[in-house]
Amino acid sequence: MVKIMTDLSADLTATQAEEYGIKVLPFYINYPDESILADLSYTPDEFYEKFKSTEEMPATSQATPGILEDIYRELGNTDPIIHITIPANSSGIVNTAMNISSTLNSEEGFDITVIDSSMYSLGTGVNVIEAAKMAANGATKDEILAFLKERFEKDKVYFIVDDLKYLQKGGRIKATTMVVSKVLDIKPILWSNDGMVEAFAKVKGLKKAISKLVEIVDEKMEDKENGTVYVLDADAAANGDMTVEYLKKAGICNVVRGQVGPVITCHAGVGVFGLYFRHK
């Protein structure tokens with residue numbers, strides 16, 4: 001059976017990972033006073049409290065090559081492994097994984113394929129779960145890779161941040177955009193586009209921004225009657241709940257709530273919220 005693995009940025013819960021047999025690579029969360037190797041036991045709520053009490057913005061760094069190689073060896077070389085990662089624009093783990101997997105494939109008979117998801121949070125995680133379900137039902141490696149390729153090419157994650165300073169500090173958004181947003185109460189709706197964070201639209205005011213998110217779903221969703229919209233937030237439950245309310249008023253009732261975990265929140269800050277759905 002094909003084995004599926006991902007990393008902490010996919011924002012799976014420990015329960016989901018266990019239920020679907022998904023191996024999750026940890027990430028280092030680097031605070032001014034300590035560095036934590038964060039795995040699924042480090043809950044989003046625990047991280048939010050630490051984040052808010054830290055004056056200096058925490059950073060992330062990839063797990064060591066040794067940790068990754070140990071996981072590959074734990075999964076073994078008797079079955080194919082598909083490793084679905086955070087985008088290369090956000091972490092060096094993609095290149096590390098490709099280098100280690102190439103050596104294991106050529107020298108020890110492993111069959112490891114590394115896939116750059118080009119998305120973030122549950123935009124990755126939902127499809128990791130679907131890949132694991134396919135594997136459990138006997139799908140081949142090529143069938144699972146074809147599914148992932150289609151989803152990662154079509155789909156996007158849309159989100160709104162509470163404060164653009166975190167993205168600006170990380171070099172992920174222009175400083176001029178940050179200034180205009182603060183002065184005019186402009187809420188940029190950001191999206192993941194081929195692994196890059198870009199402005200999709202700019203709307204004045206929070207409620208109009210949420211309405212715009214709903215418009216995007218209405219326009220681009222593959223199956224509005226049966227499909228699911230995943231609404232995510234990092235310590236911004238009120239905004240997430242408002243988004244759910246607006247979606248249901250628009251007749252989109254299949255909504256699942258989720259949390260944005262430590263890796264993505266380090267880059268976007270607490271207060272980020274958004275959604276993911278399958279595109280046409």
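Buried means under 20% relative accessible area. All views below show a predicted model.

**View 1. Strand 13 and its two partners.**
Strand 13 covers residues 273–276. Phe273 and Leu275 point one way from this strand, Gly274 and Tyr276 point the other way, and all are buried. In a regular strand the side chains alternate between the two faces of the sheet. Strand 8 pairs with strand 13 in the antiparallel sense over 4 bridges, and phenylalanine 159 stands opposite glycine 274. Strand 11 (residues 229–233) also runs antiparallel to strand 13, to which 4 bridges join it. In that pairing, tyrosine 230 stands opposite tyrosine 276.

**View 2. Isoleucine 160 in strand 8.**
Isoleucine 160 belongs to strand 8, which comprises residues 157–160. The relative accessible area of isoleucine 160 is 1%, so this residue is buried. Between isoleucine 160 and asparagine 239 there are 9.8 Å in space, C-alpha to C-alpha, although the two are 79 residues apart in sequence.

**View 3. The hairpin of strands 3 and 4.**
Strand 3 (residues 27–30) and strand 4 are antiparallel and pair over 4 bridges. Together they form a hairpin, with 4 residues between the two strands. Phenylalanine 27 stands opposite alanine 38 in strand 4. The side chains of strand 4 (residues 35–38) alternate.

**View 4. The β-α-β unit around strand 7.**
Strand 6, helix 4 (residues 93–108) and strand 7 make a β-α-β unit, which is right-handed. The two strands of the unit run parallel: 5 bridges join strand 6 (residues 81–85) to strand 7. Across this pairing, isoleucine 82 stands opposite threonine 113. Strand 7 (residues 112–116) is mostly covered, with 4 of its 5 residues buried. Isoleucine 112 lies in strand 7 and counts as buried because its relative accessibility is 5%, under the cut-off of 20%. The C-alpha atom of isoleucine 112 is separated by 8.9 Å from that of aspartate 79, a residue 33 positions away along the chain.

Most residues other than glycine have a negative phi. Serine 118, in the loop between strand 7 and helix 5, has a positive phi near 65°. Serine 121 is found in the loop between strand 7 and helix 5 as well, and its phi is about 55°, again positive in a residue that is not a glycine. Serine 118 has a relative accessibility of 12% and therefore counts as buried. Serine 121 is buried too, with a relative accessible area of 3%.

**View 5. The buried side of helix 2.**
Helix 2 consists of residues 44–52, and its residues Phe47, Tyr48 and Phe51 are buried. These three residues cover an arc of only 105° around the axis, so they lie on the same side of helix 2.

**View 6. The largest pocket.**
The largest pocket holds about 400 Å³ of space. Its lining is made up of 24 residues, and those nearest its centre are Asp11, Leu12, Thr13, Gln16 and Leu122. At least two lining residues come from each of helix 1 (14–20), helix 5 (122–136) and strand 12 (255–259). Helix 5 gives the largest share, 5 residues. By class, the lining of the largest pocket has 13 nonpolar, 6 polar and 5 charged residues.

**View 7. The second largest pocket.**
About 160 Å³ of space lies in the second largest pocket. Its lining consists of Val126, Glu130, Met221, Glu222, Asp223, Asn226, Gly227, Thr228, Tyr230 and Arg278. Of these residues, 3 are nonpolar, 3 are polar and 4 are charged. Tyr230, one of the lining residues, is also the tyrosine that stands opposite tyrosine 276 in strand 13.

Methods: Residues are numbered from 1 along each chain as its sequence is written. This is a predicted model: local features need pLDDT of at least 70, side-chain atom pairs count only at pLDDT 80 or more; totals for chains, interfaces and linings use all residues. Side-chain values use heavy atoms; hydrogens and water are left out. Buried means under 20% relative accessible area, exposed over 50%, partly exposed in between (1.4 Å probe, protein chains only). The arc is that of the directions from the helix axis to the C-beta atoms. On a 1 Å grid over the protein atoms alone, a cavity is a set of points where a 1.4 Å probe fits but cannot get out, and a pocket is an open set with protein on both sides within 12 Å along at least five of seven lines; lining residues have an atom within 4 Å of a point. Grid points are joined across faces, edges and corners, and a volume is the space filled by probe spheres set on the points. Ala, Val, Leu, Ile, Met, Phe, Trp, Tyr, Cys and Pro count as nonpolar, Asp, Glu, Lys and Arg as charged, and the others, Gly among them, as polar. Two strands pair if DSSP finds at least two bridges between them. A crossover is right-handed if, with the strands pointing away from the viewer, the path from the first strand over the helix to the second runs clockwise.
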